[in-house]
Amino acid sequence: MSLQHDRTLLRNKALSLRDNLEPEVHESGSLSITEHVLNHPRLKRFNFIFLYLSYRSEVDTWLLAQELLDLGKILCVPQISGPGKMKARQIKSLDDDLEKGLMGIASPG
C-alpha cells in the first residue's frame, strides 16, 4: 500500500468517527475547545484571529467566533472562491456579513 492510500483510509475513518459522534459528545467537545481558546493566555496578545466557521459535524466554532467578536478581536474567516482558492476576509457580524457559499458553507458576502 502507498502512503497516499494509507492517508486516505485514515482520513475516511476519522471522518466516519466524527460524523457519528453522539450530539452530547460533539457539543461538550466543542464547548471545551471554545473555553480552552478563550482562556489561553496568548489570546490577549493577538488582535487578529483567523478562524474557520464550522460546517456539518466539524467542531462547532460559531460560539467561539461570536465570543471573539464580542472581545473586540478582528476576526477573519475563509472565503472559498474555487478549488484551492481561499482568501481571508474580515467579518464584523455573524448575522450580517455571511451568506451561503460553495456547498452551503457560510462565507463572507
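**Close-up views of a predicted chain**

Buried residues, meaning those under 20% relative accessible area (1.4 Å probe, protein chains only), make up 25% of the 109 residues in the chain. The model is predicted: local features need pLDDT of at least 70, side-chain atom pairs count only at pLDDT 80 or more, and totals for chains, interfaces and linings use all residues. Residues are numbered from 1 along each chain as its sequence is written, and side-chain values use heavy atoms, with hydrogens and water left out.

View 1. Helices (H or I, at least four residues) and strands (E, at least two) are DSSP runs, numbered from the N terminus. Along the sequence they follow the pattern α-α-β-α-β-β-β-β. The C-alpha trace spans about 50 × 30 × 25 Å along its principal axes.

**View 2. An open sheet is formed by three strands in the order 1-2-3, with mixed pairing.** Strand 1 (48–50) and strand 3 (85–91) stand at the edges, each with a single partner strand, so one side of each is left without a neighbour in the sheet. Neighbouring strands are turned by 35 degrees against each other on average, direction ignored; the axes behind this angle are lines fitted to C-alpha atoms, and angles run from 0 to 180 degrees between N-to-C directions. Two strands pair if DSSP finds at least two bridges between them. Strand 1 runs parallel to strand 2 (residues 74–82), joined by three bridges, and Ile49 stands opposite Leu75 in strand 2.

**View 3. A hairpin is formed by strand 2 and strand 3, with two residues between them.** The two strands pair in the antiparallel sense over seven bridges. Gly82 has Lys85 in strand 3 as its bridge partner. In the turn, Gly84 has a positive phi of about 75 degrees.

**View 4. The largest nonpolar core has 13 residues.** Such a core is a set of buried Ala, Val, Leu, Ile, Met, Phe, Trp, Tyr and Cys residues joined through side-chain atoms within 4.5 Å. Leu68, Leu75 and Leu94 have the most contacts inside this core. Helix 3 (62–70) and strand 2 are the elements that give two or more residues to the core, and helix 3 provides the largest share, four residues.

**View 5. Phe50, Ile80, Met86, Leu102 and Met103 make a nonpolar surface patch of about 550 Å².** Patch residues have over 30% relative accessible area and no salt bridge, and nonpolar side chains (Val, Leu, Ile, Met, Phe, Trp, Tyr) are joined within 5 Å. A salt bridge is a side-chain nitrogen of Lys or Arg within 4 Å of a carboxyl oxygen of Asp or Glu. Accessible areas come from the Shrake-Rupley method with a 1.4 Å probe. Ile80 is found in strand 2; at 43% relative accessibility, Ile80 counts as partly exposed, a class lying between buried and exposed (over 50%).

Methods. Patch = residues over 30% accessible without salt bridge, like charges linked within 9 Å, V, L, I, M, F, W, Y side chains within 5 Å.
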